[in-house]
Structure formats: structure tokens, C-alpha cells
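This briefing covers selected local features of one structure. The sequence and model are shown first.

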Amino acid sequence: MKKNFTAMADLIPAKNDTPYKRIFAIGDIHGCFDKLISLWKKLSVTNEDLVIFLGDYVEGGNQDLQVLSWLAQQNQNENIVVLPGNVDFALKDYLQNEFKPTTPAESELFNGVCRFIEILPLYYKIKIGGRDYFFCHGGINPRQSLDNQSKESLIGYCLEIFLEEYNGDAVIIMGHKSPRKIKQLFPQFRELDTLQPVRIPHKNILLLDTRAKDFNGYLSCLNILTGEFWQS
């Protein structure tokens, strides 16, 4: 499925002065490996594309290790950026502080998961046509500059402040909460009743979590340069 994201019209760069032909952002996977592969096949990614994954790779589906293993392989490519989400850090904290491995192989496996999550950058920023495009899992603290954000802000712990106060020119591309969840939490955004990528009304914020972990949900990908999007 390939569609045009018309609500994004004024956020599409006037010119592409990056080295990439396409710039993809992919929303929350939540352990849904089958949906990830279904989406990936539709994209036909090449080395001329930039791909940014927005975090929350586990908790929801039952294919967490398959997702993490696949992402670890993809992360070796220079044009693939894997950002962590709040549930990824929650998994790491659990494995490091509570989980008790029963075999050396199990210990090595989950130590590897922790190492992988630890090395991931918290955000990715790129300037396109003179404008900043900022990719993260859970938004930012609008009272701080883009380059001075805390881990907590970037994985979603400032969501209320972010949605209510952010009025910046930089385009923030995020996952973390689906449009329908935002609608429940913030009645002022009551029109966000969708399972497609959507823009927060009157703000330069794009939401890409379309509830892949639900039976009737999707994993979504948006091309920042054109406004086109694909779903699993």
C-alpha cells in the first residue's frame, strides 16, 4: 500500500540537498517480525536510501528476538539508523537487573541484546533544504534545544509538555504513541482517529506508531522527502 500523506504538504522539503534518494522513517515494531518483513519487501531499500527506525522493537508481538537480530544486522549498514524506545530500555534494565539466565548460551544471548540497545543513538537529525528534520522515539522537551535533549525526553517522558508547547520550525518525526492513543490522552486532538501516519494538527510533529502490535494494526513507513507512506 502506497499513499500520499497530504497533511504533510508544507513539511515536504522544497529541494532534496541530501545524498539520499529517499529518507524513510519506520514506526514502532513491537515484536512483529512478520509485519516488519512484509513492509520491508515493499520498500526495496538500496544504499541510496536513508532508513531511520524509531524505536520500541519489543513487547507486543511474540517475535522480539527475531526483530532485534534482524535490526542488529541492518545496523551495520551506514544508511540504516536504529533509535531506541522506552520499552527497549525497559527490556535492557530487566535483563541487567532482574533476569536470571539458566545457561551460558542464554546469558550470552541476552548480554548481546543489552549491548546492542546500549550502543544505539538517541536521536538523528538531518538538515534538508535549510530545515531541521529530527527523528526520535518519543518527542522532545520544547524548553531545551534539539541538541540538548535528555534521554528521558527523547524516549517519551515529556510527552505532555511536548505536545502542548512545541511550536518549533524543526519537523519532529516520532513513534511512541499511536494517533488514537494521543486522542485518548489529549482531547484537543480528537480528530486523530486513524491507523495511518498523521500530523499533529497545527504542529510540525509527525506520528508513525500505527499499532503494529494489534491484530488490526499496521507497521508504517513514511518517506520524508515526498510524503508517501507504506504499511505492512
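The model is predicted, so local features need pLDDT of at least 70, side-chain atom pairs count only at pLDDT 80 or more, and totals for chains, interfaces and linings use all residues. Residues are numbered from 1 along each chain as its sequence is written, and side-chain values use heavy atoms, with hydrogens and water left out.

**Val87**
- Val87 lies in helix α3, residues 86-97; helices (H or I, at least four residues) and strands (E, at least two) are DSSP runs, numbered from the N terminus.
- With a relative accessible area of 9%, Val87 is buried (under 20% relative accessible area, with exposed over 50% and partly exposed in between; 1.4 Å probe, protein chains only).
- Leaving aside residues up to four places away in sequence, Val87 touches His30, Asp56, Tyr57, Val58 and Glu59, a contact being heavy atoms within 4.5 Å.
- Glu59 is 28 residues from Val87 in sequence, and their C-alpha atoms are 7.0 Å apart.

**Strand β10**
- In a regular strand, side chains alternate between the two faces of the sheet.
- Strand β10 (residues 220-223) is covered on both faces: Ser220 and Leu222 are buried on one side, Cys221 and Asn223 on the other.

**Strand pairing**
- Strand β2 (residues 22-26) pairs with β10 in the antiparallel sense over three bridges; pairing requires at least two DSSP bridges between two strands.
- Leu222 in β10 is the bridge partner of Ala25.
- Strand β11 (residues 228-231) runs antiparallel to β10 and is joined to it by three bridges, with Trp230 in β11 opposite Cys221.
- Four residues separate β10 and β11 in a hairpin, where Gly227 in the turn has a positive phi of about 85 degrees.
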